[in-house]
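The following report describes how chains meet in a multi-chain model, with attention to paired interfaces and to the relation between copies.

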There are 8 protein chains.
Amino acid sequence: MAREGEPLEFAHLDLDREARCGFPEVVLCQGKTPEQAAAIAERLAQAHGRFLATRATPEHFAVVRGRVPDATYHEIARVIRLDRAPAPPRPGYVAVVCAGTGDLPVAEEAAVTLEAMGSAVRRIYDVGVAGLHRLLGQVGAIRQAAVVVVVAGMEGALASVVGGLVDRPVVAVPTSVGYGASLGGLAALLAMLNSCAPGVTVVNIDNGFGAGYAAATIHRAIWEGRERSGGA
Amino acid sequence: MAREGEPLEFAHLDLDREARCGFPEVVLCQGKTPEQAAAIAERLAQAHGRFLATRATPEHFAVVRGRVPDATYHEIARVIRLDRAPAPPRPGYVAVVCAGTGDLPVAEEAAVTLEAMGSAVRRIYDVGVAGLHRLLGQVGAIRQAAVVVVVAGMEGALASVVGGLVDRPVVAVPTSVGYGASLGGLAALLAMLNSCAPGVTVVNIDNGFGAGYAAATIHRAIWEGRERSGGA
Amino acid sequence: MAREGEPLEFAHLDLDREARCGFPEVVLCQGKTPEQAAAIAERLAQAHGRFLATRATPEHFAVVRGRVPDATYHEIARVIRLDRAPAPPRPGYVAVVCAGTGDLPVAEEAAVTLEAMGSAVRRIYDVGVAGLHRLLGQVGAIRQAAVVVVVAGMEGALASVVGGLVDRPVVAVPTSVGYGASLGGLAALLAMLNSCAPGVTVVNIDNGFGAGYAAATIHRAIWEGRERSGGA
Amino acid sequence: MAREGEPLEFAHLDLDREARCGFPEVVLCQGKTPEQAAAIAERLAQAHGRFLATRATPEHFAVVRGRVPDATYHEIARVIRLDRAPAPPRPGYVAVVCAGTGDLPVAEEAAVTLEAMGSAVRRIYDVGVAGLHRLLGQVGAIRQAAVVVVVAGMEGALASVVGGLVDRPVVAVPTSVGYGASLGGLAALLAMLNSCAPGVTVVNIDNGFGAGYAAATIHRAIWEGRERSGGA
Amino acid sequence: MAREGEPLEFAHLDLDREARCGFPEVVLCQGKTPEQAAAIAERLAQAHGRFLATRATPEHFAVVRGRVPDATYHEIARVIRLDRAPAPPRPGYVAVVCAGTGDLPVAEEAAVTLEAMGSAVRRIYDVGVAGLHRLLGQVGAIRQAAVVVVVAGMEGALASVVGGLVDRPVVAVPTSVGYGASLGGLAALLAMLNSCAPGVTVVNIDNGFGAGYAAATIHRAIWEGRERSGGA
Amino acid sequence: MAREGEPLEFAHLDLDREARCGFPEVVLCQGKTPEQAAAIAERLAQAHGRFLATRATPEHFAVVRGRVPDATYHEIARVIRLDRAPAPPRPGYVAVVCAGTGDLPVAEEAAVTLEAMGSAVRRIYDVGVAGLHRLLGQVGAIRQAAVVVVVAGMEGALASVVGGLVDRPVVAVPTSVGYGASLGGLAALLAMLNSCAPGVTVVNIDNGFGAGYAAATIHRAIWEGRERSGGA
Amino acid sequence: MAREGEPLEFAHLDLDREARCGFPEVVLCQGKTPEQAAAIAERLAQAHGRFLATRATPEHFAVVRGRVPDATYHEIARVIRLDRAPAPPRPGYVAVVCAGTGDLPVAEEAAVTLEAMGSAVRRIYDVGVAGLHRLLGQVGAIRQAAVVVVVAGMEGALASVVGGLVDRPVVAVPTSVGYGASLGGLAALLAMLNSCAPGVTVVNIDNGFGAGYAAATIHRAIWEGRERSGGA
Amino acid sequence: MAREGEPLEFAHLDLDREARCGFPEVVLCQGKTPEQAAAIAERLAQAHGRFLATRATPEHFAVVRGRVPDATYHEIARVIRLDRAPAPPRPGYVAVVCAGTGDLPVAEEAAVTLEAMGSAVRRIYDVGVAGLHRLLGQVGAIRQAAVVVVVAGMEGALASVVGGLVDRPVVAVPTSVGYGASLGGLAALLAMLNSCAPGVTVVNIDNGFGAGYAAATIHRAIWEGRERSGGA
C-alpha cells in the first residue's frame with residue numbers, strides 16, 4: 001500500500017489540495033481502470049476521510065467498494081462518494097434547474113457534487129422553455145437560491161431565460177442531449193456562451209461536476225462572506 | 001437593351017418563375033456590380049412591373065434608380081423594391097419578432113419581403129428573452145398572426161420560447177449579431193435547428209429575405225387555403 | 001401512479017401544450033429508458049387519449065405496450081403512436097419526397113407524424129436528382145400538395161430542385177445518409193440552408209418528426225385558413 | 001424624446017432589469033449607430049441615473065457625450081460609463097488577472113464593469129504562465145480576493161494554473177489574442193472549458209463585460225451573504 | 001536579369017514542367033507583389049513564349065505589361081495571359097456551366113485557362129437549378145462536350161444535376177458565392193464531394209484555374225487518345 | 001417480384017442510367033438491409049445483366065448470392081459484382097496508386113470499379129512519400145497510364161507528388177486512415193484540395209468507387225476519343 | 001515468405017529507411033490485420049534484427065509472437081518491440097512528463113519508442129498544472145534532461161508551463177483525454193500550438209510514438225553533436 | 001523610465017528568461033501599439049543588450065528606432081533585431097526549406113530568429129513538391145544540416161517528403177498561403193500533424209519565429225551536446 005506523501009505507481013495525488021482549494025482532489029473515473037480508481041479512492045479515504053469519484057460505472061463501484069466498504073454510489077449521477085464526517089450543510093440552497101429528462105444524469109452529477117461539498121440542493125427539473133409556464137411556476141424558488149445551476153441540452157435556451165429572471169450567480173451546463181446539428185452538445189455550449197443574459201458563466205459539455213463544484217465554491221464564499229471579503 | 005426571352009450577356013433570367021413559383025425572380029445584389037443589378041432590375045421591371053432586390057447598397061440603388069426611376073429603397077432592410085400595381089394585402093398578418101436592435105436589418109429585410117409579396121406585417125421588435133416580460137406582453141399579438149417570423153442572433157433562444165407559445169407556423173432566422181463564440185451566427189443557427197419547441201423551421205444566417213419569402217408563401221397558401229387544398 | 005397536474009418523479013409533463021400549440025407533448029425516446037418513456041406515454045394517454053413517441057426502439061415499444069396495449073409501432077419510422085379518437089384527415093395532402101432508400105426512416109418519421117396530426121400524406125420516394133426524370137415524372141403530384149417535405153442526405157440537392165418547381169411551402173430535412181465529407185449530415189444541412197430556391201426552410205439533421213410537425217402545422221393553418229387569418 | 005414606459009422607435013428598454021437582476025440594462029454599442037447608442041444611454045440616464053455602454057468607439061462616445069455630458073469614456077476598456085450617485089465599493093476586492101499586454105482591453109472591460117457595479121478591483125497584469133515566477137509572486141494577492149477573473153488568449157493556460165492555486169470562485173475569459181490555430185480565440189476558449197482545475201467557469205471570447213458582471217454578481221452575493229442565504 | 005537555369009532571388013522556376021506535365025508553370029499572383037509576379041512572368045515568357053498568371057489584379061497587370069508588353073489581361077477572370085505561338089484549338093469543346101452571375105469570375109478563370117491550354121470553350125452560364133428549365137434547355141450542348149466543368153456556389157446542387165445527365169467527365173468547382181452558412185464556399189464544396197451523381201470530381205473553392213487545368217488535361221488526353229493509351 | 005419499369009416498394013430504380021450515363025445505377029449497400037440490396041441487385045441483373053454493389057458486407061453478399069448466384073464478392077474492396085457479358089477491356093490502363101497498407105480497401109474499391117467498367121488496372125501500392133524512392137521507382141508505369149488514381153490517408157501528400165510528375169489526369173481519393181488530427185480523413189481531403197500540383201481533382205473521403213467511376217469515364221472518353229470530340 | 005527487396009503482396013517495405021533516417025520503418029498496427037502486422041514484423045526482424053510496432057492490440061501480439069517469438073509486448077504502451085542487439089543507451093536522458101493518469105498510454109508509447117531508439121527515459125507522471133507544486137518539485141529533473149516530452153490532454157496547459165521553465169527542446173503531445181469540448185483532443189492540440197512559451201513543438205493527438213521518435217532523433221543528434229554539426 | 005526589476009505600466013517583463021530559457025523575452029508586436037513595443041524593446045535593450053521583436057510593421061520600427069537607434073529591421077521577415085555583442089555563430093547550420101514564394105515572410109522570420117539566436121542558416125527556397133527535382137537537387141544540403149525547418153502552405157506536403165529523406169530533427173511550419181479549403185492554413189497544419197514521416201514536429205500556422213526558436217534550441221543543445229547530456 002502506498003504511504004502518505006508518496007506517489008502511487010501510476011498517480012501522484014495532490015493531497016495538499018484540500019488545504020489549498022477547500023476540497024480534496026476528485027477522481028475522474030473515465031479513462032481509469034476500476035483498479036486505478038479504487039487505489040486512488042482508498043488513498044483519499046485514508047488521507048481525508050472523504051472523496052468524490054465521478055463518471056463511475058457500476059464496475060468502478062464494485063472494485064471501489066471492495067476497498068472502501070462505506071462508499072456509496074449514486075447511479076443516475078454516476079458518482080461514488082464517501083464522507084465519514086459530513087458537516088451540516090451551510091444555510092441556503094443551490095437551485096439545480098434542468099430542461100428535460102435526458103439532462104438528468106448531468107443535473108444529478110451537479111447536485112451530488114454540491115451535496116458532497118456541503119450545499120443543500122433544490123432540484124427543479126424538466127422545465128424546458130418550450131413550456132414556459134413550467135419554468136415560470138418555479139421562479140420564486142429559483143430567485144431565493146444562493147446560486148443557480150442551469151442544465152440544458154439541445155439549444156440550451158434555458159440558461160438565457162433563467163439568467164434574465166434572477167440576480168443570483170448562474171452557472172450553465174450544456175449537455176450532449178440532442179442529435180444531428182447539436183454536434184454532441186456544441187450547439188448548447190455555444191448558445192450558453194452567447195447568452196443575451198449577462199453574467200451567465202459556462203462549464204464544459206456534460207460537466208455537471210464542474211458546475212456543482214463552481215456553485216459550491218460560490219455558495220461557500222457567500223456563507224463565509226462578510227468576514228473574509230470584509231477583511232481583505 | 002436585352003429583349004424579352006433572351007439572356008443578358010451575363011445573366012439568364014428566369015422569367016417563368018412568377019408563373020411557376022408565384023413571385024418573380026429576386027435579385028441578390030451582393031456579388032453583383034451596380035450595373036449588373038440595374039440591368040437585371042430593368043429587365044424584371046419590363047417583364048413583370050415589379051421586382052425585389054436584396055442586399056442592395058446605396059451604390060446599387062443609385063444606378064438602379066437611373067434605369068427604373070420609380071423604384072424605392074428601404075435603407076435599413078437594404079432592399080430595392082418596385083411594385084407598379086400592388087395588390088391589396090391579403091387578410092391577416094405575419095408577425096416579425098426580433099430579439100435586439102442589432103437584428104433590425106434582418107428583421108426589416110423579412111418585413112419588406114413580406115410586404116412586397118402581399119402580406120401585412122406586424123413588427124414586434126427588441127423582445128429578447130433576457131427580459132421575458134417584454135415578450136410575454138406581446139404574446140396575444142403573436143398568437144393572432146397567421147405566421148410568425150422570429151429573428152435573433154447571439155444564442156437565438158427567442159425562437160424556442162416563441163415556438164412553445166403558439167400553434168402557428170414559425171420560421172426562425174439566426175443573425176450574425178454577436179462576437180467570439182457566436183461564430184458569425186453559427187451559434188444561433190445551431191440553437192434554432194435544435195429548438196426544443198417542435199415545428200420551428202430555420203433559414204440561413206441573416207437570411208431575412210428567405211424567411212419573409214417562406215412566410216409569405218405560407219400566408220398565401222393559408223389565404224388561398226380551402227379551395228386549393230380542398231380540391232387536391 | 002402520478003396524478004393529473006403533478007410531475008412524474010423524473011419528468012414534468014406539459015399537459016397544457018395541446019391547448020397552447022395544437023398537439024400534445026411528443027416523447028423523444030432517445031435518451032430515455034423504456035420505463036421512463038412508458039410512464040410518460042401512459043400519462044399522455046390518460047390525459048389526451050393520444051400520443052406520439054419518436055426514436056423508439058423495439059425495446060421501448062415492448063414496455064410501452066405493456067402499459068398502453070392499444071399503442072402501435074411503426075418500425076421503419078421508429079415511432080410509437082396512439083390515437084383513440086382519430087379525426088378524419090383534413091382535405092388535401094402533404095407530399096413527402098425523399099432522395100434515396102437510405103432516407104426512408106426519416107421520411108417515414110415525417111409521414112407518420114403528419115398522419116398522427118391529421119394530414120394525409122403522399123409518399124414520393126427515391127427520386128434523387130442524379131436521375132432527374134424520376135423526379136420530373138412526379139412534379140404534378142408535388143405541385144398539387146398543400147405543403148411539401150423534402151428529405152435528402154448526401155448533398156441534399158433535391159430540396160433546391162423541388163423548391164424551384166413549386167409555389168408551395170417547402171420544408172427540407174437533411175439526413176445523415178452518406179459518409180466521409182457528409183460529416184454526419186452537415187453537408188446536406190448546409191446545402192439546404194444555402195438553397196438557391198427561395199423560401200425553403202430547414203430542420204435539424206434526421207429530424208423527420210420536426211419536419212412533419214411543421215408541415216402539419218402549416219397544413220392545419222391552411223385548412224383553418226380563411227376564418228382565422230381573415231379575422232385577425 | 002421617448003417617455004418612461006414607452007419603447008424607443010428601434011428599441012424596447014428593459015427598465016425593470018435593475019429591480020429584477022440588480023443592475024440596469026447594459027448597452028452593447030457594437031452593431032448600433034452612435035445615435036442609437038446615445039438615445040438608449042440618455043433613456044437609461046433618465047431612468048436610473050447611471051449606465052454602462054460597452055464596445056464603444058470614440059465615435060459612440062462623441063455622440064453620447066452630446067446627450068449625457070457627465071458620461072465618461074474608458075479608452076482601453078472601450079466603455080462609456082455614467083454613475084451619478086456611486087455607492088461606496090463593497091468590502092473586499094475582485095482580482096483581475098491577465099496573461100499578456102494584448103489582453104488589456106478585455107481585462108479593462110472586466111475591471112471597469114466591476115467598478116461600475118460596486119466592486120473594488122485589483123489588477124494583476126502580464127503574468128502569463130511562460131514566466132511562472134511572475135504569477136507565483138502574486139499568489140497572495142490572488143488568494144485574498146473575493147472572486148478572481150482570469151483573462152488570457154493564445155492557449156489560455158493561466159486559468160488552469162490560477163484555478164489550481166485558490167479556493168475562490170474563478171471566472172475565465174478567453175481572448176482573441178493570437179493568430180493561426182488560435183482560431184480567433186477558440187483555442188483559449190476550449191482550453192478554459194477543459195481546465196483540469198475544477199470549478200473554473202467561462203464566458204464568451206473577449207467578453208470582459210460578462211466576466212466582470214458575473215464576478216460582481218458573486219461579489220455582491222458574498223457581501224449580502226449571510227442574511228440572504230441564511231434566510232432562504 | 002536572371003539567366004536560364006538559375007533561380008530568381010526569391011523563386012526557383014520549374015522550367016522543366018512543360019516537358020513533364022504538358023504546360024509551363026502557372027503564376028499565382030495572390031500573395032506575390034506585382035514586381036515578383038512580373039519577374040516570374042518575364043522569365044516564363046523568355047523560356048516558353050507563353051505563360052498564364054491567375055488571381056492577377058490590375059496592379060499586377062500594370063507591372064507585368066511593363067516587362068512583357070504583349071501580355072493580355074482578362075479582367076473578369078483576373079488572368080494575365082501570353083501566348084506568342086498559339087496552337088489551333090483541338091477538336092471538340094469543353095462546356096463551362098455555371099449557376100449564377102456571382103460565379104462568373106471563377107467560371108471565366110476556368111474558361112480562360114482552358115483556352116490558354118488549347119481547348120475551345122462553350123460557356124453555359126446562369127443556369128442554376130432553382131430554374132431547372134434553363135438548364136434542361138442546354139442539355140444537348142452539355143452532352144456533346146468532351147468534358148464538363150460545373151461552377152456553383154451556395155448549395156452547389158448544379159454539379160449533381162449535371163452529373164446525372166451526362167456520360168462525360170465532370171469537374172465541379174465550388175465557389176464562395178453565398179453568405180452565412182455557406183461558410184465561404186464550404187457548403188458548396190461539401191455538397192459536391194457528396195454528390196449523388198457518381199464520377200463527379202471536385203477542386204478547391206473558387207479554383208477555376210484548377211478545374212480548367214484538369215479539364216484541359218482530360219481533353220488533351222482524349223484528343224491524343226487512341227495512340228497513347230492504345231500503345232501503353 | 002417487381003416488373004420492369006415499376007418501382008420496388010422502397011426504391012425507384014433508374015434503369016435509364018446506362019443509356020444516359022454509360023453505366024447502370026450502382027448500389028450503395030451501406031444504409032440498406034441485405035434484403036433491400038439483394039432486391040435491387042436482382043432487378044439490375046434482370047435489366048442489365050450486370051451490376052456493381054459497393055460497401056457490401058459479407059451479410060449483404062450472402063443474401064445477394066441467394067438471389068443472383070453468379071454474383072462475385074471482392075472482400076477487400078467490399079464490392080459485389082456481376083457481369084454476365086463482360087466486354088474486353090479497352091486498351092491502355094488506369095494506374096491506381098496508394099500510399100499505405102491501410103488504404104487498400106479504398107484502392108481496391110477503385111480498382112474493382114474500374115475493371116467492372118471496362119478499364120484494365122495497374123496496382124501500384126504502398127508507395128507513400130515518406131520513402132520517396134519506392135514511388136520514384138514506379139514513375140515510368142504511372143506516366144504510361146491513361147489516367148491515374150491516387151489513394152492516400154494521413155496527410156495525403158502522395159497526390160501532390162504524383163500530380164507534379166505526370167501529364168495525365170489525376171483523381172485523388174483521401175482515406176480515413178489516421179487518427180487524431182486526421183479528423184476521419186478531413187486532413188487528407190483538405191490537403192488534396194489544396195494540392196500545389198495543378199489539375200488534381202478530388203472525390204469524397206474513402207470514395208474509391210467515385211474515383212474509379214470518374215477515372216473509367218475519362219478512360220472511356222479517351223478511348224472513344226477522336227471520333228466523338230472531333231465531331232462535336 | 002517474401003524475399004529481400006521484393007514487396008509483400010500488400011506492402012512495400014522501406015528497408016532503406018534505417019540507412020536514410022537512422023531507424024527502420026515502424027509498423028502502425030491500427031488498420032492492419034494481425035496477419036498483415038505479423039508478416040511485416042517478420043520481414044523487418046529478418047532485415048534489421050529489430051522492429052517497433054505501435055497501436056498493437058493483444059490480438060496483434062498473439063500473431064506476431066507466433067512468427068517472431070522473441071518479440072515483447074508493452075501492454076500500457078500498446079507497443080510490440082524486438083531488439084536482438086540493443087546498443088547501450090546514449091548518455092543523458094529524455095524526460096517524459098505527463099499531466100494525468102489517463103495520459104499514461106500515450107506517455108508510455110513515447111517512452112518505449114525512446115528506449116527502442118536508444119535513449120534512457122525519466123518518467124515524471126501525473127504532474128498536471130492544477131496542482132502546480134507537484135510539477136515544481138520536479139523542475140530540477142526536467143531541466144537536466146537532454147530533451148523533454150510533455151504529454152497532456154484536456155486543456156494541455158502543462159506544455160506551456162514546462163516550456164517556460166527550461167532551455168531544452170520541448171516536444172508536446174496532446175491526448176484525447178477529456179470529453180465534450182475537448183473534441184477528442186483538439187482542445188489540447190490547439191492549446192499546445194498556441195503555447196505562449198516559445199519553441200514548443202507539437203505532434204498529432206495521442207501520437208506518443210511521433211513525440212518519442214522526434215525526441216530520440218534530437219537526443220541522438222545532441223550525442224553525435226559536435227562532430228557532425230561541426231563538420232558541416 | 002521604468003527601472004530594472006519593476007514592471008512597465010502595461011507590461012511585466014520576464015527579465016529572468018535569458019537565464020532560465022537561454023534567450024531573452026521576445027516581443028510580439030502584433031496587438032501592441034508602436035509605443036508599447038518600443039517601450040518594451042528599450043527595456044530589453046537596457047537589460048540584455050539585445051532583443052528580437054516579431055510581426056513588426058514599419059510603423060513599429062519607426063518608433064522603436066527612435067528609442068533604440070541601433071536596432072535593425074528585416075522587412076520581409078517583419079522582425080526588428082538588436083544584438084550589440086553578437087556571438088560568433090555556432091558550427092553547423094540550420095536549413096530553412098520553403099515551398100513557394102508566398103511562404104517567404106514566414107521562412108525569413110524563422111531564418112532571422114535563428115540568426116539572432118546564434119545559428120547559421122542555409123536558405124533553400126521555392127522547392128515545393130509539385131516540381132520534385134528542385135527539392136531532390138538540394139537533398140545533400142538538407143541532409144548536412146544540424147536541424148531542418150520546413151515551411152509550406154497549401155497542402156503542406158513538403159514536410160512529409162523532407163521528413164522521409166533525412167535523419168535530422170525536422171520542425172514544420174504551416175503557412176496561411178492558399179485560399180478556400182486551405183482554411184487560413186489549417187489544411188497545411190493538419191497535413192503536417194498527420195505526416196507519414198515519423199518525427200516531424202509542428203508549430204502554429206505562420207509561426208516562423210516559433211520554428212526558428214525551436215530549431216535554434218535544438219542546434220544549441222547539439223552544440224553544447226556531449227558535455228551536458230553526458231553529465232546528466
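## Chain interfaces in the model

Across the interface of chain B and chain C, two salt bridges are found, a salt bridge being a side-chain nitrogen of Lys or Arg within 4 Å of a carboxyl oxygen of Asp or Glu. B:E224 forms a salt bridge with C:R168, with the closest N and O atoms 3.5 Å apart. The elements that give two or more residues to the side of chain B that touches chain C are α1 (17-21), β5 (90-98), α8 (186-193), β9 (200-202) and α9 (208-231) of chain B, where helices (H or I, at least four residues) and strands (E, at least two) are DSSP runs numbered from the N terminus. The largest share of this side, 17 residues, comes from α9(B). By class, the side of chain B that touches chain C has 22 nonpolar, 14 polar and ten charged residues; here Ala, Val, Leu, Ile, Met, Phe, Trp, Tyr, Cys and Pro count as nonpolar, Asp, Glu, Lys and Arg as charged, and the others, Gly among them, as polar.

This is a predicted model, in which local features need pLDDT of at least 70 and side-chain atom pairs count only at pLDDT 80 or more, while totals for chains, interfaces and linings use all residues. Residues are numbered from 1 along each chain as its sequence is written, chains are lettered from A and ligands numbered from 1 in the order in which they are written, and side-chain values use heavy atoms, with hydrogens and water left out.

Contact means heavy atoms within 4.5 Å. Buried area is the accessible area (1.4 Å probe) that two parts lose on being put together, summed over both. A polar contact is a pair of N or O atoms within 3.5 Å; within protein, one must be able to donate a hydrogen and the other to accept it, and residues adjacent in sequence count only if both atoms are side-chain atoms.

| Interface | Contact residues | Buried area | Polar contacts (both at pLDDT 80 or more) |
|---|---|---|---|
| chain B and chain C | 46 residues from chain B, 46 residues from chain C | about 3,900 Å² | eight residue pairs |
| chain D and chain A | 46 residues from chain D, 46 residues from chain A | about 3,900 Å² | eight residue pairs |

Carbon and sulfur atoms give 58% of the area buried between chain D and chain A. Two salt bridges cross the interface of chain D and chain A, and D:R168 forms a salt bridge with A:E224, the closest N and O atoms being 3.6 Å apart. On the side of chain D that touches chain A, the elements giving two or more residues include α8 (186-193) and α9 (208-231) of chain D, and α9(D) gives the most, with 17 residues.

Chain D can be laid on chain A with an RMSD of 0.0 Å by a turn of 180° and a shift of 0.0 Å along the axis, the copies being superposed by least squares on the C-alpha atoms of residues with pLDDT of at least 70 in both. That is the relation of a two-fold axis. In chain D, the C-alpha of D:I222 is nearest the axis, at 1.9 Å from it. The same surface serves both copies, as 100% of the contact residues of chain D recur in chain A.

Chain D does not touch chain E, their nearest C-alpha atoms being 15 Å apart, and no contact joins chain D and chain F, whose closest C-alpha atoms lie 13 Å apart.
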